Amino acid sequence: MINLIRNEFIKLFKKKSIYILLVVMFGFIVLNNFLTKEFSTAIIDGSLEEANISYLKEEMKTLDKSNPDEKAQYYTDLSEIETYELTKKYKEEWKVSLINLKLRDIIYNMNFAKYINNDKETYNKAKKEYDKFLSDIEKNDWKFFANNDKKQLENEIKNLNAYKKEADKEEQKSIDEQIKENKEEIQKIELRLEKNIPYSESYLEEALTNYKKEFPSYEEYKKSLIKEEKKEISKKDEYKTKNKYIEEATTNAKSKYMLDNKTNLDDAKTLRNTLINTINDNFIFIIIIIASVAGVIVSSEFDKGTIKLLLVRPYSRKKILLSKYIVSLLTILIAIVSAIIMQLIVGGIFFGFESLSVPVIVYNFTQNKIMNINVFKYILDNIIAILPQFILLATLGFTISVITNISTLGVAIPIVGCGAADIINSIAILKNVEPLKYFVTLNWNFSNYLYGGVKSFRGLSIPFSLLICIIYLLIMLIVSFVVFKKRNIKNI
């Protein structure tokens, strides 16, 4: 058996098509990393924003100020341009962010009061706020604005509590919600001051926005949804609710990690993130490599007529076919490992290797806790989870190759089947087609089961999905071995 497998590998590595596919995949990885780096740079250097401002300036030239609707659009565009021009006067990122956050609406109000509504009182009020803001920003202290926002929220809470005493029950509920929101905002301001995070348009600002210090348990989360929607969550929607909770809990945990460590977990321009996405980014290439081996490994012997020379050797047909199938499966590992190694090298050259020390943050629903996982362990877990899909597609190509002796079909059908799987899965989930849960495509990817994850389709579980995959695998293998054993090769 070992000799048979070795001979199959010798044949495999003599094929130019394998090397061509690997070179194409390498080229794609290089291009993908290059575009990732360049696209991220385009956002950072502000070139996209400048392009938008240029568009607004061109649009203003075409607008007719005598038309009320176009006049409103004209001064909306003008407000955006004036805000942008003002930000260019300041180098400090926190000043630019505060201008966009607080001054944009004031500039908008000034222009509309002056040019459209002819409201001198509103204009003077807005101009006073405008001048005060510019005066305050010259103090060069972003914490002044943070403390000022905190005081305003605290005063608003006092006023709401005072008004609450005279309000009816419905109004009290609304007031309580507003007080709760204000308290959450105060917590974020305090966290900003504690972690020394100036105002910005960076990942830290987004993390601060997404982070909740007191994140609810799943049961509390579920109760709040029931209260909000005023109805119980059906079994059908339970899976969607759990998946949504996992997503929000993970986002919250990632936000906390970013705030504590000042590290951007979502930065695409790192080796860590490109490596994590290697399988997804190169999925089609991996499938083509697998199909181009499994789909021709038997049929090519018949095409060339070498099957006779193979069968006269002192090996049973079962062993010959099994050796070819084992090589088809080992090709899966070769394709995956090749993609990972290529990405590791190319990504390291483009982005450096420092980001590999940053863990992957996941929420374990079963254990009800956040987990920090090493990058390579996370990649390995996901490879193992998706292996059943690759194995079944390789087996499909292998079976077609045995049954039809037509290489093109053996290669094409797994690739087409892979694309059709997404359509079938979408129909099953969106239309809730219960019988389709017995179809293999809904069961062959175990990624959603990782770390206590939940499938979005009812009735699925790890044992169930394993059983379905094994049944389909056995059917294809039995058919392959029966057909190959009975194949008449006299006329070949």
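Mentor: Helices are DSSP runs of H or I of at least four residues, strands are runs of E of at least two, and both are numbered from the N terminus. Leu333 falls in helix H17, residues 317–351.

Trainee: What kind of model is this?

Mentor: The model is predicted: local features need pLDDT of at least 70, side-chain atom pairs count only at pLDDT 80 or more, and totals for chains, interfaces and linings use all residues. Residues are numbered from 1 along each chain as its sequence is written, and side-chain values use heavy atoms, without hydrogens and water.

Trainee: Is Leu333 buried, exposed or partly exposed?

Mentor: Buried means under 20% relative accessible area, exposed over 50%, partly exposed in between (1.4 Å probe, protein chains only). Leu333 has 42%, so Leu333 is partly exposed.

Trainee: Where does Thr241 lie?

Mentor: Thr241 is in helix H11, residues 235–261. Its relative accessible area is 9%, so Thr241 is buried.

Trainee: Which residues does Thr241 touch?

Mentor: Contact means heavy atoms within 4.5 Å. Leaving out residues up to four places away in sequence, Thr241 touches Tyr218, Tyr221, Leu225 and Ile233.

Trainee: What is the volume of the largest pocket?

Mentor: Rolling a probe the size of a water molecule over the atoms shows where empty space is left. On a 1 Å grid over the protein atoms alone, a pocket is an open set of points with protein on both sides within 12 Å along at least five of seven lines; a cavity is a set where a 1.4 Å probe fits but cannot get out; lining residues have an atom within 4 Å of a point. Here the largest pocket has a volume of about 1700 Å³. Of its 45 lining residues, Lys180, Glu184, Lys212, Pro216 and Ser224 are the closest to the centre.

Trainee: Which helix gives the most to the lining of the largest pocket?

Mentor: H8 does, with 14 residues. Helix H8 (169–195), helix H9 (203–210), helix H10 (218–229) and H11 each supply at least two lining residues. Glu184 sits in H8. Its relative accessibility is 30%, so Glu184 counts as partly exposed. From Glu184 to Glu214 is 30 residues in sequence, and 9.4 Å in space, C-alpha to C-alpha.

Trainee: How many cavities of 30 Å³ or more does the whole structure hold?

Mentor: The search finds one. The largest cavity holds about 40 Å³ of space. Leu12, Phe13, Ile18, Ile289, Val293, Thr331 and Ile334 line this cavity. Helix H14 (283–294) and H17 each supply at least two residues of that lining.

Methods. Points joined across faces, edges and corners; volume = space filled by probe spheres on them.
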